Amino acid sequence: MEDSALETPHNHRQWMPQLAPVVSGSLLFWLVLPKLLPARGGGAALACGTTAWCASDAIDLAVSEILVFMPLFSGLLSHVFTMVACPVLSLHALRAANLDSAGTFRQDSAIFVATFAVNMGVNRIVKDASARQRPCYYWGREGATEASLFHSQEFRSFYSGDTSLAWAAVAAATSLLVCRGCNEAARRVAVRGAALAGVGSLLRIVGDMHWLTDVLVGTLAGIAIGAGMPPLILRAINDGDYVTLEHVV
């Protein structure tokens, strides 16, 4: 490994001008673009049978009937796993693997944020376009779930944003660590992160907020975006090559 290959992350002046538009564009994609797209049903109120997706298959119905338990508690607890534990674990793994290089961690964090934003933007667009009814509303028991706290969320079931967020965070950290040559650290975060993301994803069903298919698609989308974006960004800002750390932790 040539020393020059290790210099790019340390000097933020070299990579920041290339990475800043990526991060900014990703944030705009998440926060702005979905608002510019036409609303489902042409702006009419969403309703089953006309502008919303309310039918579910037999497997979704059966799983929902079997797994739902203490839905309000389960739904709120799921956020601890998906929105807190998985991102924190992922960022901690990146920081621990780059203790000798604050510059590398800053670069990885920026790529992590861009990946997060794209993942959430895609999820938001799909939610708006599909307008799928959440299971708790389908069964008429939304009052016992976290939906009672967020009344505008009835037709935002597909696909699970919490699930995709959790898996994208874990996949992004794993992908970055592999690109950096930290294979053992990548294996650790993948195993631990998968456990946390799996529990959080399951709790989205137990909390009566998502169908099984919402969670499965959220898992696949999160992994695909989380694993795919970091290598693409690294190659783009490093002239077609990765910046690999020499040590393997």
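# Notebook: rings, helices and a disulfide

I began with W139, which is partly exposed at a relative accessible area of 29%. I am working from a predicted model, so I keep in mind that local features need pLDDT of at least 70.

**Entry 1: aromatic pairs.** I looked for a partner of W139 and found Y138; the two form an edge-to-face aromatic pair, 5.2 Å centre to centre with 90° between the planes. I checked Y138 as well, and at 34% relative accessibility this tyrosine counts as partly exposed. Next I turned to F158 and Y159. Their ring centres are 5.9 Å apart and their planes stand at 85°, so this pair is edge-to-face. F158 and Y159 are both buried. How many aromatic pairs does the structure hold? I counted five.

**Entry 2: a cluster and its neighbours.** I then saw that F158 and Y159 belong to one aromatic cluster with W53. What lies over the face of W53? I found R132 there, at 4.3 Å from the ring centre. I came across another arrangement of this kind at F105, where R95 lies over the ring face at 5.3 Å from the centre.

**Entry 3: the bond between F158 and Y159.** I went back to these two residues to look at the backbone. A cis peptide bond joins F158 and Y159, with omega at about -5°. I located Y159 in the loop between α6 (135–138) and α7.

**Entry 4: cysteines.** I searched the whole structure for disulfides and found one. Which cysteines does the disulfide join? The link runs from C48 to C54, with an S to S distance of 2.0 Å. I noted -85° about the S-S bond, and the link is left-handed. How do its two ends compare with the cut-off for burial, which is under 20% relative accessible area? C54 has 12%, so I call this cysteine buried. C48 has 41% relative accessibility, so this one counts as partly exposed. I also looked up C86, which is buried at 0%, and C136, which is buried with a relative accessible area of 0%.

**Entry 5: the whole fold.** I stepped back to the secondary structure and found nine helices and zero strands. Of the 249 residues in the protein, 49% are buried. I also looked at contacts with a separation of 6 or more: residues 24 or more positions apart account for 83% of them.

**Entry 6: helix α4.** I tested the length of α4 (residues 71–97). Its 27 residues should span 39 Å at 1.5 Å a residue, and I found the end C-alpha atoms 38 Å apart, which agrees. Where does α4 bend? I found a bend of about 35° at A85, and a proline, P87, follows within four residues.

**Entry 7: helix α8.** I did the length check again for α8 (residues 183–206). Its 24 residues should span 34 Å, and the end C-alpha atoms are 34 Å apart, so the two agree. I listed its buried residues, among them A185, A186, V189, G193 and A197. Which helices do the buried residues of α8 pack against? My list is α3 (58–67), α4, α7 (161–179) and α9 (212–237).

Entry 8: Is D208 buried or exposed? At 1% relative accessibility, D208 counts as buried. I found A131 in the loop between α5 (102–130) and α6, with a positive phi near 50°. A131 is buried too, with a relative accessible area of 0%.

**Entry 9: V23.** My last stop was V23 in helix α1 (residues 12–31). V23 has a relative accessible area of 17%, so this valine is buried. Leaving out residues up to four places away in sequence, I found that V23 touches A110, V113 and A114. I also noted F112: V23 and F112 are 89 residues apart in sequence, yet 9.2 Å apart in space, C-alpha to C-alpha.

Note on methods
Residues numbered from 1 in each chain as written. Predicted model: local features only at pLDDT ≥ 70, side-chain atom pairs only at ≥ 80, totals over all residues. Heavy atoms only, no water. Helix = DSSP H or I, 4+ residues; strand = E, 2+ residues; numbered from the N terminus. Buried < 20%, exposed > 50% of the residue type's maximum accessible area, 1.4 Å probe, protein only. Contact = heavy atoms within 4.5 Å. Disulfide = S-S within 2.5 Å. Phe/Tyr/Trp six-rings, centres within 6.5 Å; stacked < 30°, edge-to-face > 60°. Lys NZ or Arg CZ within 6 Å of the ring centre and 35° of its normal. Expected span 1.5 Å × (residues − 1). Bend = angle between axes of the 7 residues up to and from the residue.
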